Amino acid sequence: MKEKLSKTEAKKEIKDFFENIKNKTPKEIKKIKKLAMKYSIKLEDLRKKFCKKCYSPDLKVKSIKNKIKTVECKKCENVMRWKIR
Ligand SMILES: [Zn+2]
């Protein structure tokens, strides 16, 4: 990753990163989140691709009901709920 990026480049970097999220480590995810913050880029749905507690991308869907998706982190067992639009 280059040190100085334009906002467009940073966005592309983030997009590419999340296409391969399953092969990333929590450390790398933390770094990309920082990058997004630095460039004020909203992750929106991308932030649902990793655990907000330990940054592991290893999540499993537990249930989907009443338009609420319940996802559990396989690593730290943190449970997250997302509204489905
Ligand atoms: Zn976790």
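Predicted model: local features only at pLDDT ≥ 70, side-chain atom pairs only at ≥ 80, totals over all residues.

If you want a sense of scale, the C-alpha atoms fill a box of roughly 40 × 25 × 20 Å along the principal axes.

Next, select residues 7-19 (helix H1) and residues 26-38 (helix H2). Their axes sit 10 Å apart, and the packing angle is about 150°. That makes H1 roughly antiparallel to H2, and the crossing of the two is left-handed.

On the H1 side, pick Ala10, Glu13, Ile14, Phe17 and Phe18; facing them in H2 are Glu28, Ile29, Ile32, Leu35 and Ala36. What kinds of residues make up the contact of H1 with H2? Eight are nonpolar, two are charged and none is polar.

On to the zinc ion. Select Cys51, Cys54, Cys73 and Cys76, and show their SG atoms, which coordinate the zinc ion at 2.3 Å. Try the angle tool here: the four donor atoms subtend 106 to 113° around the zinc ion, so the arrangement is tetrahedral. For comparison, the ideal tetrahedral angle is 109.5 degrees. The spacing of the donor residues in sequence reads C-x2-C-x18-C-x2-C.

Last stop: colour the loops. Cys51 is in the one between H2 and strand S1 (59-65), while Cys76 is in the one between strand S2 (68-73) and strand S3 (79-83), so this pair ties together parts 25 residues apart in sequence.

Technical notes: Residues numbered from 1 in each chain as written. Heavy atoms only, no water. Axes fitted to C-alpha atoms, helices over the stretch in contact; angles between N-to-C directions. Helix = DSSP H or I, 4+ residues; strand = E, 2+ residues; numbered from the N terminus. Parallel < 35°, antiparallel > 145°, perpendicular 65-115°, else oblique. Left-handed = near helix turned anticlockwise from the far one by under 90°. Contact = heavy atoms within 4.5 Å. Nonpolar A, V, L, I, M, F, W, Y, C, P; charged D, E, K, R; others polar. Donors = N, O, S within 2.8 Å, 3.2 Å for Na, K, Ca; no water. Tetrahedral: all angles 85-135°; square planar, octahedral: opposite > 155°, others 65-115°.
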